[in-house]
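Subject: Structure handover

Hello,

Please find the structure below.

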Amino acid sequence: MGLVLIVVVGAGAVAALTGGGWQGFGELDLRAMPLVVGAVALQVLGALLADHTGTSWCYSAGLAGSAACALGFCLANLRVAGIPLVALGLVLNAVVVARNGAMPVSIFAAHRAGVSILSIATGNDARHTIAGIGSVWRWLGDIIPLPLPWVPEVASPGDLLVAAGLGEFIVMASRRGHGAQTGGDACQASQALSTMERRS
């Protein structure tokens, strides 16, 4: 979550510095928006049930349903910048969780990031499991240490793709109006120049 927050804030800053604006988001023609609500609801519900019951299958089922909704939304909007990266990241996370029943976490990466794995080791975190010999596709799990200030975490390759996609989406969407305005100004300048040349 810390990674996504930093990327979103950073992308917003880049967009503002390069002339982007919120009006660009209003020009987006996003399809299948109800699937976004479904994706968020299913993941939150799965996480809450997993924490309440202590069973990882609730989280796996919720994440699988969330990923299916998110993937459907992404497939309907692949033409939008950033969405393909988000889709790929969600699929990778869903695949590794489905194969392991929970997200495998590297002990080495957690130590490097300064993240405690006590709750995972004691079985109190149904959403994560310690990566070991029996882990399937552990290279898709949480293996990347991110010693971020205040919010250290261990990320997966899928997390990085999701964050990168969100950053690209914010920057490019915010510049839609700016690009159109710049193009209009250039067109007006060209017409004015042509008029001056004809008069001369």
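Are α5 and α8 roughly parallel or roughly antiparallel to each other? Their axes come within 7 Å and cross at roughly 160 degrees, and α5 and α8 are therefore roughly antiparallel. Angles under 35 degrees count as roughly parallel and those over 145 as roughly antiparallel. Axes are lines fitted to C-alpha atoms, for helices over the stretch in contact, and angles run from 0 to 180 degrees between N-to-C directions.

This is a predicted model: local features need pLDDT of at least 70, side-chain atom pairs count only at pLDDT 80 or more, and totals for chains, interfaces and linings use all residues. Residues are numbered from 1 along each chain as its sequence is written, and side-chain values use heavy atoms, with hydrogens and water left out. Helices are DSSP runs (H or I, at least four residues), numbered from the N terminus.

**α5 with α8**

The crossing here is left-handed, meaning that the near helix is turned anticlockwise from the far one by less than a right angle; clockwise would be right-handed. On the α5 side the contact (heavy atoms within 4.5 Å) includes Leu 85, Val 86 and Asn 93; on the α8 side, Asp 159, Leu 166 and Glu 168 are among the residues. By class, the contact has nine nonpolar, four polar and two charged residues. Ala, Val, Leu, Ile, Met, Phe, Trp, Tyr, Cys and Pro count as nonpolar, Asp, Glu, Lys and Arg as charged, and the others, Gly among them, as polar.

**α4 with α5**

Helix α4 covers residues 56-76 and helix α5 residues 83-100. Their axes come within 9 Å and cross at roughly 160 degrees, so α4 and α5 are also roughly antiparallel. The crossing is left-handed. Tyr 59, Leu 63 and Phe 73 of α4 take part in the contact, as do Val 86, Leu 90 and Asn 93 of α5, among others. This contact has 14 nonpolar residues, two polar and no charged.

**α1 with α8**

The axes of α1 and α8 lie 9 Å apart at an angle of about 20 degrees, so these helices are roughly parallel. Their crossing is right-handed. Among the residues that meet are Val 8, Gly 12 and Ala 15 in α1 and Ile 170 and Ser 174 in α8. The classes are twelve nonpolar, three polar and one charged.

**The second largest pocket**

Val 8, Gly 12, Ala 15, Ile 170 and Ser 174 are also among the residues lining the second largest pocket. Other lining residues include Trp 22 and Phe 25. α1 (2-17) and α8 (157-174) each supply at least two lining residues, and the largest share, four residues, comes from α1. The lining has six nonpolar, four polar and no charged residues. A pocket is, on a 1 Å grid over the protein atoms alone, an open set of points where a 1.4 Å probe fits, with protein on both sides within 12 Å along at least five of seven lines; lining residues have an atom within 4 Å of a point.

Regards

Methods: Parallel < 35°, antiparallel > 145°, perpendicular 65-115°, else oblique.
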